[in-house]
Amino acid sequence: MSAAPIWLLPLIWKQFLELKDAEDPLPSFPDLEQRLQPVLPCRSLKESIEVYKNHCKMANEFNQVKHEIATLEDRKRELMAELLEDEKTSMEFARLEEEYRILTEENQNLITVHSQRAQQLETLRVISQKRQGSS
């Protein structure tokens with residue numbers, strides 16, 4: 001058996017690496033449905049190995065996307081809870097504003113009535129003093 005020409009070495013090395021990759025322990029995708037699991041390649045066919053590698057790559061990407069979706073759904077739930085809390089706070093704030101407006105109006109009415117009564121009392125004192133002074 002003669003040595004391969006030097007220009008073939010990169011190609012041979014590439015083929016060796018591809019076969020080595022194909023002989024590595026098979027990746028596992030426990031979260032993936034059985035029907036979506038990568039099918040073992042026919043190791044003698046380069047195309048089969050490439051399809052298998054692409055399938056594994058897509059399975060990894062699928063798992064990443066599923067994880068990202070779960071993370072985003074968790075964040076969505078957190079934001080929805082915050083929004084609900086903010087809406088409750090906003091409603092409470094509106095209720096307190098209305099209560100403050102009503103109490104301020106009532107206070108102003110009471111101040112007015114107090115002032116009127118104080119003025120009436122002063123008028124009655126003056127009248128009472130005039131009667132006592134004229135008697």
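**A. Glu92 is partly exposed, with a relative accessible area of 36%.** This is a predicted model, in which local features need pLDDT of at least 70, side-chain atom pairs count only at pLDDT 80 or more, and totals for chains, interfaces and linings use all residues. Numbering runs from 1 along each chain as its sequence is written, and side-chain values use heavy atoms, with hydrogens and water left out. Partly exposed lies between buried (under 20% relative accessible area) and exposed (over 50%), with a 1.4 Å probe and protein chains only. Glu92 pairs with Arg95 in a salt bridge (a Lys or Arg side-chain nitrogen within 4 Å of an Asp or Glu carboxyl oxygen). The closest N and O atoms of Glu92 and Arg95 are 2.7 Å apart. Both residues belong to helix H2, at a spacing of three residues, about one turn. Arg95 is also partly exposed, at 43% relative accessibility.

Glu99 is partly exposed at 37% relative accessibility. Elsewhere, shared partners link Arg75, Glu78 and Glu82 into one salt-bridge network.

**C. The side chains of Arg75 and Glu78 meet in a salt bridge.** The N to O distance is 3.2 Å. What separates the two along the helix? They stand three residues apart in H2, so about one helical turn lies between them. Glu78 is partly exposed at 43% relative accessibility. Arg75 is partly exposed too, with a relative accessible area of 39%. In the whole structure, a search finds nine salt bridges.

**D. Helix H2 spans residues 46-134.** Helices are DSSP runs of H or I, at least four residues long; strands are runs of E, at least two; both are numbered from the N terminus. H2 has 89 residues and reaches 129 Å from first C-alpha to last. That is close to the expected 132 Å, taken as 1.5 Å times one less than the number of residues. The buried residues of H2 are Ile49, Tyr52, Cys56 and Ala59. The protein chain has two helices and zero strands.

**E. Five residues make up the largest nonpolar core.** They are Phe29, Leu32, Tyr52, Cys56 and Ala59. A nonpolar core is a set of buried Ala, Val, Leu, Ile, Met, Phe, Trp, Tyr and Cys residues joined through side-chain atoms within 4.5 Å. Tyr52, Cys56 and Ala59 are among the buried residues of H2. Across the protein chain, 8% of the 135 residues are buried.

Cys56 is buried, with a relative accessible area of 8%. Cys56 touches Pro27, Phe29 and Pro38, leaving aside residues up to four places away in sequence. Contact means heavy atoms within 4.5 Å. Is Cys42 buried or partly exposed? Cys42 counts as partly exposed, at 37% relative accessibility. The structure holds zero disulfides, a disulfide being a pair of cysteine sulfur atoms within 2.5 Å.

**G. The protein chain exposes about 12,100 Å².** Carbon and sulfur atoms supply 60% of this area. Accessible areas come from the Shrake-Rupley method with a 1.4 Å probe; for residues, only the protein chains shown count as cover. Of the chain's contacts between residues at least 6 apart in sequence, 45% join residues at least 24 apart.
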